[in-house]
Number of protein chains: 2
Amino acid sequence: MITLGSMALDSLETPFGKAENALGGSATYASTAASLFAKPGIVSVVGKDFPQEHMDFLQERGIDLAGVEKAEGNTFYWKGKYGFDINVAETLDVQLGVVEGFKPKVPEEYKDAEYLFLGNFEPAVQKSVLEQMNKRPKLVVSDTMNFYIDKDPEAVKEMVKLSDIALMNDGEARQLFGTTNLMKAAREILKLDSELAIIKKGEHGAIFMTKDSFFSAPGYPLENVVDPTGAGDSFAGTLTGYLAKTGDLGEENIRKALIYASSVASYNAEGFSLDRLKDISQEDIDKRFNEFKKIVDF
Amino acid sequence: MITLGSMALDSLETPFGKAENALGGSATYASTAASLFAKPGIVSVVGKDFPQEHMDFLQERGIDLAGVEKAEGNTFYWKGKYGFDINVAETLDVQLGVVEGFKPKVPEEYKDAEYLFLGNFEPAVQKSVLEQMNKRPKLVVSDTMNFYIDKDPEAVKEMVKLSDIALMNDGEARQLFGTTNLMKAAREILKLDSELAIIKKGEHGAIFMTKDSFFSAPGYPLENVVDPTGAGDSFAGTLTGYLAKTGDLGEENIRKALIYASSVASYNAEGFSLDRLKDISQEDIDKRFNEFKKIVDF
């Protein structure tokens, strides 16, 4: 499994505390989460200032860093604050650093990977990674954000077409397809050559629609969200990692994958940065998976 | 089962059409929905202008109208419009009419009812109906709205205390308890002498929390919401009616009741006014209940 995404240093403040230059970035969250199930490799870029300890941590998780370019300049930096509504981040500062103009180069040994997660980058950058693969992977999962939809919705729609699973959250789906009805938005995703549509709904869970079925994954009842940064990325990383591990892309298994993804994402929000992700075991994940069974039982 | 609530004439416009002076009101929706399961009686007030055909319709559903006062003046009138986001109503006109200063009088034959739904009225009016009962009913379900929370949050909290199930939607719960975290809001409901907390989340379904359990009812995947008026009232009416019919207030049965409530509420949104509610059969409701099983299965 290969993950394209940012590697970042985050400074953030929530009602529960603050962290300076903590490890962040979509590839970091996604691959750390995925490493609970699979052996991910990262395609990304860091600056000369990126601490070696973070590289060591990722390597200890069994994550391949052959595709991480070390460039002149500073690592992508994000400074943000979560206030009264902890689900809403206020961006205080962004410094693109080495991410600006980044042209990913996929290492030879990655090019036959069957599972690919294209994390948060411009659609053109995501596309270039897909095009460098020797053959079309068995599963391509992509992510987007409102910033890219504002900028070029058609490019985002093209990525939806090129992906098997184009992840987006409810706000992004409503924006991209110009409808307030999420079911209609999911239908629009299906029209873009997609066999399945998954829309994340934050605290409300996620929906998963195919041509003739519908699944609703509940949100996990978290009473103490400490830091929601990376929730979407750990969700996406777990989803892809679990599917890579099991090799089963049937609807039933995708439903399971979504519950695992929700479990890991909910743990992630319980601590700052990757603190909680670093901690949790397969046993913890299974425990929460089983709790989800009880949560929807009637 | 007894239902306190408004009986109204609604003029409304949605992207799918318009209706003038259609039958509306919380007691109307709630008791029509409840009549699928139980034999409800209404406590309400109408004006001299209230069409006899609506009274006939309710009576044909087996609804007892002994508690409907016919007063001098006009029936409560609401004019609203649903636009691009069909979940958000814009109120264009409200005429309280006979509802202003309404002092409900509970008929003798209602006073031993074991199931009571206190629909949308000022907390003082809700409380006066509860106080007129001969004995504390086995189940008291109440509803509120943001208007009453703005006006007197302490009175609303007192009604939460007096009810077994105090229904509110997510926005109302966040407002009443000053938190953005719905789990924390549900915990606050439990602190008010309540054994259970139910929070409705519109398209995202509903949650149901007790001291040591948590249930998430998914939203039904409606692609065509024609008119969402009365969704909360048909939900509440079904919930109370189903519990009245089964007489079982155990957690497992309440979970079932919530799914039935979601089923009926989703049908209601498929037509104008009470058009769809009038139509549906027990078979339709069971069909949707079984669909919900598939929607959460993993």
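## Where the chains meet

In this predicted model, 26 residues of chain A are in contact with 27 residues of chain B, contact being counted when C-beta atoms, placed from the backbone, lie within 7 Å. Helix 7 (182-191), strand 13 (213-217) and helix 9 (251-268) of chain A each give two or more residues to the side that touches chain B. Helices here are DSSP runs of H or I with at least four residues, and strands are E runs of at least two, numbered from the N terminus.

By residue class, that side of chain A has 14 nonpolar, five polar and seven charged residues. Nonpolar covers Ala, Val, Leu, Ile, Met, Phe, Trp, Tyr, Cys and Pro; charged covers Asp, Glu, Lys and Arg; the others, Gly among them, are polar.

## Symmetry

Chain A superposes on chain B by a rotation of 180 degrees with 0.0 Å of shift along its axis (RMSD 0.0 Å), fitted by least squares on C-alpha atoms of residues with pLDDT of at least 70 in both. That is the relation of a two-fold axis. The copies meet through the same surface, because 100% of the interface residues of chain A are also interface residues in chain B.

Within chain A, the axes of helix 9 and helix 11 (residues 282-295) come within 9 Å and cross at roughly 115 degrees. Axes are lines fitted to C-alpha atoms over the stretch in contact, with angles from 0 to 180 degrees between N-to-C directions.

Residues of helix 9 of chain A, including I259(A), Y260(A) and Y267(A), meet residues of helix 11 of chain A, among them F289(A) and F292(A). This contact divides into seven nonpolar, three polar and two charged residues.

## Conventions

Residues are numbered from 1 along each chain as its sequence is written, while chains are lettered from A and ligands numbered from 1 in the order in which they are written. As the model is predicted, local features need pLDDT of at least 70 and side-chain atom pairs count only at pLDDT 80 or more, whereas totals for chains, interfaces and linings use all residues.

Terms used
Two residues are in contact if their C-beta atoms, placed from the backbone, lie within 7 Å.
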